[in-house]
Amino acid sequence: MKKRLAGFEELVLLATASLGEEAYGVTVRQRLEAETGTAVALGAVYAVLDRLERKGYVRSAWGEATPQRGGRRKRMFRVTAPGLTALRAMGRIRSRLAQPIPKHA
Amino acid sequence: MTRLLRWFCDPDKLEAIEGDLAELYGDRRSWRYVIDVVSLCVRQPRTAIRSFVAALVVLVLAGPIGPPDHYIVHATDPAGEFVLEIHQGQAIAATLDGARVPERDLVQTGDTLIIRGADNGADFHIAIKPEGGIQWYPRHFSSR
């Protein structure tokens with residue numbers, strides 16, 4: 001059976017993809033909040049990113065440490081090829097579902 | 001809160017999480033910070049049992065508090081998505097499919113909220129529950 005993306009998983013994956021090499025907990029959350037206009041808990045973002053990593057849709061690696069972060073490294077996320085494929089598949093499903101219902105005579 | 005986070009949180013993820021919190025809040029402490037720490041304790045646990053303990057603590061603390069003073073509801077039905085912002089039981093803002101509803105179209109009487117024209121042109125009735133949350137009859141999909 002194909003692995004499917006749940007609603008919030010898809011949003012997190014889209015936000016991660018749109019951020020390119022700048023995706024980590026803070027930026028993914030900021031992107032989601034800016035686009036949805038609602039508050040998102042940091043724990044929810046990390047829980048979904050972990051799940052996406054287990055599914056093979058993102059991979060993480062340690063990034064830079066900045067003084068602003070108290071010298072702690074960022075955990076950077078990148079969308080993988082299967083992740084992009086899953087996003088495109090979801091996009092196609094959405095487009096088909098959004099087609100108007102045909103009128104019957 | 002830092003000790004709580006270090007006790008509950010998966011040590012492999014702690015560096016990134018503490019860094020994110022420092023970047024977001026610095027030395028400032030707010031309710032948003034507390035919510036983030038609690039959500040991280042519950043959802044990024046060192047062990048499953050610690051996640052359970054964290055969830056239990058949240059439930060015990062939240063139990064006597066009653067309905068939240070201010071909350072946001074995200075809901076979807078066949079007609080689309082809508083979001084309500086509720087403050088002290090009163091709907092103060094709403095969006096339909098991401099578009100803000102003009103204030104004049106939000107009419108609330110007691111626990112009943114009406115969004116004018118939001119149900120395929122007809123009024124959309126929503127019950128705001130005193131204990132928090134909403135109840136409504138799903139609107140039908142419209143191809144318009």
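This is a predicted model: local features need pLDDT of at least 70, side-chain atom pairs count only at pLDDT 80 or more; totals for chains, interfaces and linings use all residues.
Residues are numbered from 1 along each chain as its sequence is written, while chains are lettered from A and ligands numbered from 1 in the order in which they are written.

Thr109(B) and Thr112(B) belong to the setting of a sheet in chain B. Strands (E, at least two residues) and helices (H or I, at least four) are DSSP runs, numbered from the N terminus. Four strands of chain B form an open sheet, ordered E5-E6-E7-E8, with antiparallel pairing. Pairing requires at least two DSSP bridges between two strands. E5(B) joins strand E6 (residues 112–119) of chain B through four bridges, in the antiparallel sense.

In chain A, helix H1 (residues 7–19) packs against H2(A) at about 110 degrees, and their axes are 9 Å apart. Axes are lines fitted to C-alpha atoms, for helices over the stretch in contact; angles run from 0 to 180 degrees between N-to-C directions. H1(A) and H2(A) are therefore roughly perpendicular (65 to 115 degrees; under 35 is roughly parallel, over 145 roughly antiparallel, the rest oblique). From H1(A), Leu11(A), Val12(A), Ala15(A), Thr16(A), Ser18(A) and Leu19(A) meet Thr27(A), Val28(A), Arg31(A) and Leu32(A) of H2(A). Contact means that C-beta atoms, placed from the backbone, lie within 7 Å. This contact has six nonpolar, three polar and one charged residues. Nonpolar covers Ala, Val, Leu, Ile, Met, Phe, Trp, Tyr, Cys and Pro; charged covers Asp, Glu, Lys and Arg; the others, Gly among them, are polar.

H1(A) also packs against H3(A), at about 85 degrees with axes 10 Å apart. This pair, H1(A) and H3(A), is therefore roughly perpendicular. Phe8(A), Glu9(A), Val12(A) and Leu13(A) of H1(A) face Val45(A), Val48(A), Leu49(A), Arg51(A) and Leu52(A) of H3(A) in the contact. Seven residues there are nonpolar, none polar and two charged.

Between the chains, 19 residues of chain A contact 21 residues of chain B. Helix H2 (25–36), helix H3 (42–54) and strand E2 (73–79) of chain A each supply at least two residues of the chain A side. H3(A) gives the largest share, five residues. That side of chain A has eight nonpolar, six polar and five charged residues.

Methods. Two residues are in contact if their C-beta atoms, placed from the backbone, lie within 7 Å.
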